Amino acid sequence: MQDVAVIIPAKDEADRIAATVGAAAGLPGVDLVVVVDDGSADGTAEAAEKAGAKVVRHSRNRGKGAAMETGAEAVRLLDGDRPRHLLFLDADLADTARDAAPLVEPVRAGDADMTIAAFSSTVKLGGHGFVVRLSREGIQRATGWTATQPLNGQRCLTRAAFEAARPLAAGFGVETGLTIDLLRQGFRVTEVEVPLAHRATGTDWRAQLHRARQFRDVARALAVREPAVAGRLDALRGRGRGRRA
């Protein structure tokens with residue numbers, strides 16, 4: 001049963017994207033892999049094409065949420081109205097993407113509308129988990145559901161669930177917003193343990209900048225969905241302006 005399309009948002013992942021595409025293409029039920037090159041400055045698009053993916057390019061970096069929407073639209077255009085489940089994978093999974101099949105099974109069986117990966121083997125990260133806590137606590141306040149790994153981008157959705165969540169939250173807030181929006185609409189969301197692994201985030205200034213962007217995007221996604229969060233962000237911005245003055 002060829003009923004799954006894999007969508008891989010990617011930016012500057014030329015060293016891993018071919019392995020990720022190859023592993024994803026071998027998953028049961030997958031006969032379409034779409035890579036969205038989100039403004040890469042390296043050979044990501046070329047490597048993905050050589051590995052067999054359909055590639056859509058953003059001329060500039062538009063963020064993960066936009067890349068996911070572009071990928072889903074590409075699947076629709078390629079397949080017409082053929083109903084497919086959408087499996088989103090990160091570009092840096094490399095060969096471990098071959099272990100993503102358990103994410104599809106509950107969706108295919110009709111037991112879940114969206115699955116979220118819970119990595120069984122965690123990679124030690126350079127950060128302190130503050131963005132994860134922000135997302136987890138925000139989802140819990142908004143829906144009553146507690147996610148183990150709320151920022152995990154490995155997810156399988158029905159097309160109906162994906163369309164119900166559009167427009168997606170911008171940037172790195174997409175996972176947090178997606179989870180809240182679907183749960184609030186009564187869709188069934190569950191976590192599935194899988195032995196996937198991605199590149200560890202380091203501790204240099206680039207990694208710290210990445211975390212700052214994640215925090216900003218998650219906070220924005222929560223602010224739209226939680227008035228209390230919006231009030232706290234406004235207060236923080238006000239104090240920041242006061243210090244600069």
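Guide: Buried here means under 20% relative accessible area, exposed means over 50%, and partly exposed is in between. Keep in mind that this is a predicted model.

Visitor: Fine. How many aromatic pairs does a search of the whole structure find?

Guide: Two aromatic pairs turn up. In one of them, Phe88 and Phe162 are stacked, with 5.7 Å centre to centre and 25° between the planes.

Visitor: Where do Phe88 and Phe162 sit in the chain?

Guide: Phe88 is in strand S4 (residues 85-88) and Phe162 is in helix H6 (residues 159-165). They are 74 residues apart, and the pair links distant parts of the chain.

Visitor: Is Phe162 buried or exposed?

Guide: Phe162 is buried, because its relative accessibility is 0% and the cut-off for buried is under 20%. Phe88 is buried as well, with a relative accessible area of 2%.

Visitor: And the other pair, what are the ring centres and planes of Phe130 and Phe215 like?

Guide: The ring centres of Phe130 and Phe215 are 5.8 Å apart and the planes are at 45°, so this pair is tilted.

Visitor: Which helices hold Phe130 and Phe215?

Guide: Phe130 belongs to helix H5 (residues 130-143) and Phe215 to helix H8 (residues 205-225). The pair therefore ties together parts that are 85 residues apart in sequence.

Visitor: What about accessibility for Phe130?

Guide: Phe130 is partly exposed, at 31% relative accessibility.

Visitor: Backbone next. Is the peptide bond from Arg166 to Pro167 cis or trans?

Guide: The bond from Arg166 to Pro167 is cis, with omega near -5°. Pro167 lies in the loop between H6 and helix H7 (174-184). H6 is also the helix that holds Phe162.

Visitor: Changing topic: what is phi of Asp12?

Guide: Phi of Asp12 is near 55°, a positive value, and the residue is not a glycine. Asp12 is in the loop between strand S1 (4-10) and helix H1 (17-25).

Visitor: Asp12, buried or partly exposed?

Guide: Partly exposed, with a relative accessible area of 32% for Asp12.

Visitor: What about phi of Ala94?

Guide: Ala94 has a positive phi of about 55° and is not a glycine either. The residue is in the loop between S4 and helix H4 (101-108). S4 is the strand that holds Phe88.

Visitor: And why does Ala94 count as buried?

Guide: Because Ala94 is at 16% relative accessibility, and buried means under 20%.

How values were computed: Residues numbered from 1 in each chain as written. Predicted model: local features only at pLDDT ≥ 70, side-chain atom pairs only at ≥ 80, totals over all residues. Heavy atoms only, no water. Phe/Tyr/Trp six-rings, centres within 6.5 Å; stacked < 30°, edge-to-face > 60°. Helix = DSSP H or I, 4+ residues; strand = E, 2+ residues; numbered from the N terminus. Buried < 20%, exposed > 50% of the residue type's maximum accessible area, 1.4 Å probe, protein only.
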